[in-house]
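This report describes selected local features of one protein model. Please look over the sequence and the structure before reading on.

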Amino acid sequence: MNMRAMVFEGAGKPLVLKELPIPEPGPGQVLVRVHACGICRTDLHIIDGELREPKLPLVPGHQIVGTVAGIGTAAGKLREGLRVGIPWLGGSCGRCGYCLSDRENLCDAPRFTGYQADGGFAEYTVADHRFCFPLPEGYPDLQAAPLLCAGLIGYRSLAMAGGGTRLGIYGFGAAAHIVTQVARWQGREVYAFTRSGDREGQQFARTMGAAWAGNAEELPPSELDAAIIFAPAGELVPLALRAVGRGGTVVCGGIHMSDIPAFPYDLLWGERVLRSVANLTRRDGEEFLALAPQVPVRTEVQVFPLAEANEALAALRRGTIRGAGVLQVSEETRTGGWP
C-alpha cells in the first residue's frame, strides 16, 4: 500500500508530491497515521541548505499529530488508536555522557525527526516509541501540532530565561505566541519585538497579552530581566543585550542563526548571560504537555493541505503566517473543544 508524501530531494529545490510505500515499523517503533503536521523555521533551514546533513530523499516535518496504526516488536506500552505527538528529537543513544546526565538534547548521536528520519509531511510515518508523547485531551489535531516544537522549544527557552518579571521576545511567530501565554500565566510582563514596521505582528502580540510591542531596534519602555530571540537573525543579539539589565539573560531559541556581529563588551558586562537552547528532552515534553491545558495555551493556526506544503513554507519565509502554519494531512482530523 502507498501513501502521499511531500519529498525533499536537495537544497533549494521545492518539495515534490509523491506516492511512497507505507513504512513498516521496526523493533521499538510504531507506525503513526498522520493527521496534522506543523511547519517550522527549522524546515526552512533544511530546505534552504543551512542545516547540511539531512538524509536524502527526505520527508520533512517534526510537529506531528497522529494515531498509532501499527506496532513493531518491543515497542513499549503504546497501543493502536492512541493519539500521539512526535517532536524534533526522535531518538538518542542513551549511552553518552550527555544522555547519562539527563541532557539527551545534547546527545552525541541524536536522531532528528524530519531530518535524519522521515517526518510528518506524509500520510504515515514511523517513530521510536520512547519519543512519542500521548497528547492532552481537548486539543484539536490542528491546534495541537504547534505544541510539538514551537511549544516545546519555547517552553525550554522560557525556563532558561530565568524567573524575571519583564520578558522580551524577539520575533513574534509560532513559538512566541505560545510562550507569551505561558509567561502571562506565570505573572510576567511580555515585551514583543518584530521587524520594523510590522504593525500587524505587533497587534497580534498585543492580542496574545504582550504589554508592549514595537520594532526590534527600539528600546522597550522598561528594562528587561530577560529576552528570548526566536528570529534567526544574529544582529538581534546585541539589541537584546542592550535591552536587558545587569544580571539579565538573553536566550537564542533557534537551531540556526545568522552570524552575530561584533559588539562592545559593555553590552555583556554586568553579569549578563548569553546562551543558546538546543533541541528538547522528553522531560520538557512531559512537563509542557501537562502544563498547556492548565494555562490553557490556545494556538492560532493557518491551515494548508498537504499538497500545498511549498506554499506554506513560502508564507513562513515571508513572515505572513499569523501564529503557526499547519499542514492538514488527513481529512479525519479530530476537532473537539478546547481545554
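A residue counts as exposed when its relative accessible area is over 50%, and as buried when that area is under 20%. The model discussed here is predicted.

## Positive phi values

D102 has a relative accessible area of 59%, so this residue is exposed. D102 sits in the loop between α2 and β7. Its phi is near 60°, which is a positive value in a residue other than glycine.

A74 is another non-glycine residue with a positive phi, here near 55°. The loop between β4 and β5 (83–86) holds A74. With a relative accessibility of 66%, A74 counts as exposed because the cut-off is over 50%.

## A buried glutamate

E104 is placed in the loop between α2 (97–100) and β7 (111–112). Is E104 buried or exposed? The relative accessible area of E104 is 10%, so the residue is buried.

Which residues does E104 touch, leaving aside its neighbours within four places in sequence? The contacts of E104 are L89, S92, Y98, C99, F131, T281 and R282.

## Cis peptide bonds

The bond from L56 to P57 is a cis peptide bond, and its omega is near -10°. P57 belongs to the loop between α1 (41–47) and β4 (63–71).

V295 and P296 are also joined by a cis peptide bond, with omega about -15°. P296 lies in the loop between α8 (282–291) and β16 (301–305).

## Packing of α4 and α5

Two packed helices are described by the angle between their axes and the distance between the axes. For helix α4 (residues 150–160) and helix α5 (residues 174–185), the angle is about 55° and the axes are 8 Å apart. An angle between 35 and 65 degrees falls in the oblique class, and α4 and α5 are therefore oblique to each other. Their crossing is right-handed.

On the α4 side, the contact is made by A150, G151, G154, Y155 and L158. On the α5 side, A174, A175, I178, V179, V182 and A183 take part. By residue class, the contact of α4 with α5 has nine nonpolar residues, two polar ones and no charged ones.

## Aromatic pairs and a cluster

There are seven aromatic pairs in the structure. A pair of aromatic rings is described by the distance of the centres and the angle of the planes. In the pair of Y170 and F193, the ring centres are 4.0 Å apart and the planes are at 5°, so this pair is stacked. Y170 is in strand β10 (residues 166–170) and F193 in strand β11 (residues 189–194), so that the pair links distant parts of the chain, 23 residues apart. Y170 counts as buried because its relative accessibility is 0%; F193, at 1%, counts as buried too.

Y191 and W212 make up a tilted aromatic pair, with 6.5 Å from centre to centre and 40° between the planes. Since Y191 lies in strand β11 and W212 in strand β12 (residues 212–215), the pair ties together parts that are 21 residues apart in sequence. Both Y191 and W212 are buried. Which residues form one aromatic cluster? The cluster consists of Y170, Y191, F193 and W212.

Definitions and conventions
Residues are numbered from 1 along each chain as its sequence is written. This is a predicted model: local features need pLDDT of at least 70, side-chain atom pairs count only at pLDDT 80 or more; totals for chains, interfaces and linings use all residues. Side-chain values use heavy atoms; hydrogens and water are left out. Axes are lines fitted to C-alpha atoms, for helices over the stretch in contact, and angles run from 0 to 180 degrees between N-to-C directions. Helices (H or I, at least four residues) and strands (E, at least two) are DSSP runs, numbered from the N terminus. Angles under 35 degrees count as roughly parallel, over 145 as roughly antiparallel, 65 to 115 as roughly perpendicular and the rest as oblique. A crossing is left-handed if the near helix is turned anticlockwise from the far one by less than a right angle, and right-handed if clockwise. Contact means heavy atoms within 4.5 Å. Ala, Val, Leu, Ile, Met, Phe, Trp, Tyr, Cys and Pro count as nonpolar, Asp, Glu, Lys and Arg as charged, and the others, Gly among them, as polar. Rings of Phe, Tyr and Trp (its six-membered ring) pair if their centres lie within 6.5 Å; planes under 30 degrees apart count as stacked, over 60 as edge-to-face and the rest as tilted. Buried means under 20% relative accessible area, exposed over 50%, partly exposed in between (1.4 Å probe, protein chains only).
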